[in-house]
Amino acid sequence: MDYYLFAARSVTHAQQMAKVLSDAGVSAKIRRAGAGMTGRGCGYTLEVSRRSYARALDACRASGVQPVRVLLVSGETRQEVST
Amino acid sequence: MIYLDSAATTFQKPAAVQRAVVQAMRTMSSPGRGGYASAQLAEETLFRCRSAAAELFSVPSAEQVVFTMNATHALNIAVKSLVRPGGRAVVSGYEHNAVTRPLHALGAEVIVAAAPLFHPKETAEAFERALALGADAAVCTHVSNVFGDILPIAEIARLCRAAGVPLIIDASQSAGVLPVDFSALGAAFIAMPGHKGLYGPQGTGLLLCGHEALPLLEGGTGSESLRQEMPDFLPDRLEAGTHNVPGIAGLAAGIDFVRAQRTERIFLHEQQLLRRAVQGMRGIPRVTCYAPQDARMQAGVLSFTVEGLDPEETAAQLAQRGIALRAGLHCAPFAHRTAGTLPDGTMRMSVSAFSRTFEIDALLIALHEVAAR
């Protein structure tokens, strides 16, 4: 199943983003992310379903709490998405 | 014990605060360090506390709410972020050593905007004159920790904005008692303890950040670990090392208590107790108390002296009668210099939401006895 990862700069940023998404009716679980994901070491991501992606992105834009990057995960491959 | 030293720390806490501390010790590990349940629970608790504080103090984002050990820690970060070594700072005449010692350590030129007690207009005018000289920052306590004098912080903030001087507010005695609106004040930083008017445990404090800040400590943050520089984003930039999770869990419960009670109601309650104390003290021979004509200018702190008695001796005699309050300079020599109560200082009684009328009456009876000897 394909899904999106919204990368956050910190756990607090991830929590802020999760709250924005929750307020918009999008459920997203916070996960720790490895160095490969952030390029700078430990970080956090939110897993967003493909179905909720557009709504999630709109909510983030509207609130000003935006992901630092977004990746589309399809099976074993990850691809950065331009937002 | 009759506890009347809430300006130092509120000793009586809501039961929910104690429960939250114990619960955190039983169930929470290090936040931001793992993806397992106890770490996540700790993270959620921190975020809940940040969000509650952001709402109470009108901070735009929870990321701007930084946890510190106490207000002193928060003030050190704020002062050292803004004032260059050998720079200049404008301060009120009522600052605590938590402000003046960091400035002294920086070798800063300190311009004191001094004005008599309970004279807000003169205080604002003194700031206006001092700010005209230019400064790296202005630092102003919202409420004097010695006299309870409420400084005209909104006007001082306006003057600072007009002069282009970043303002640091010490809300140690006002957070949880008076409205503190971070967004409206436009301050660079607002520092506060968690263990006073917010009813959290000792070892907790908050720094509300509206300006770029320099870390006081460097270390692990659970983020950007490949980099050797501290993260350039809040709150991680200022929060190196493991958090005081039980303390923050208690602080979150304390903030919940304040929000449920409402600051206006707590202030009113404290004012009524203060008025009763002032009226009583004015009838006791040899006792001088420092109170304004307009009671609305004073928040939960009242200084007094007994003629011919050293404040420490007075405090010792009251302690023998089971009454706990503080004597001396209260770590604020600037305030005593401004008010003319050096070198001995004053006795200070201070109340909280848990203080009761009978406790004020007990103090007045004991003070009658002490002053009569």
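In this predicted model, chain B meets chain A through 19 residues of its own, which are in contact with 14 residues of chain A. The side of chain B that touches chain A is made up of seven nonpolar, six polar and six charged residues. Beyond this contact, the points below follow chain B through an open sheet of seven strands, an open sheet of four strands, and a pair of helices, helix 9 and helix 12, whose axes come within 10 Å.

**The seven-stranded sheet of chain B**

- The strands of this open sheet are arranged in the order 2-8-7-6-5-3-4, and their pairing is mixed.
- Strand 2 (65-68) and strand 4 (109-113) of chain B each have a single partner strand, so at these edges one side of each strand is left without a neighbour in the sheet.
- From one strand to the next, the twist of this sheet averages 20°.
- Within the sheet, strand 6 (residues 167-170) and strand 7 (residues 189-193) of chain B run parallel and are paired over three bridges, and one of the residues involved, Ile168(B), has Phe189(B) in strand 7 as its bridge partner.
- Helix 3 (residues 71-82) of chain B lies across strand 2, strand 5 (137-141), strand 6, strand 7 and strand 8 (205-209), and its direction is at about 160° to strand 7.

**The four-stranded sheet of chain B**

- This second open sheet has the strand order 9-10-13-12, with antiparallel pairing, and its edge strands, strand 9 (287-290) and strand 12 (326-328), each pair on one side only.
- When direction is ignored, neighbouring strands of this sheet are turned by 30° against each other on average.
- Strand 12 and strand 13 (residues 346-350) of chain B run antiparallel and are joined by three bridges, with Arg326(B) standing opposite Arg348(B) in strand 13.
- Helix 9 of chain B packs on this sheet, where it touches strand 9, strand 10 (301-306) and strand 13, and its direction makes about 15° with that of strand 10.

**Helix 9 and helix 12 of chain B**

- The axes of helix 9 (residues 263-281) and helix 12 (residues 357-372) of chain B cross at roughly 20°, and the two helices are therefore roughly parallel to each other.
- The crossing of helix 9 and helix 12 of chain B is right-handed.
- On the helix 9 side the contact involves Leu273(B), Arg276(B), Ala277(B), Gly280(B) and Met281(B), which meet Thr357(B), Ile360(B), Leu363(B), Leu364(B) and Leu367(B) of helix 12.
- The residues of this helix contact comprise seven nonpolar, two polar and one charged.

Terms used. Residues are numbered from 1 along each chain as its sequence is written. Chains are lettered from A and ligands numbered from 1 in the order in which they are written. This is a predicted model: local features need pLDDT of at least 70, side-chain atom pairs count only at pLDDT 80 or more; totals for chains, interfaces and linings use all residues. Axes are lines fitted to C-alpha atoms, for helices over the stretch in contact, and angles run from 0 to 180 degrees between N-to-C directions. Angles under 35 degrees count as roughly parallel, over 145 as roughly antiparallel, 65 to 115 as roughly perpendicular and the rest as oblique. A crossing is left-handed if the near helix is turned anticlockwise from the far one by less than a right angle, and right-handed if clockwise. Two residues are in contact if their C-beta atoms, placed from the backbone, lie within 7 Å. Ala, Val, Leu, Ile, Met, Phe, Trp, Tyr, Cys and Pro count as nonpolar, Asp, Glu, Lys and Arg as charged, and the others, Gly among them, as polar. Two strands pair if DSSP finds at least two bridges between them.
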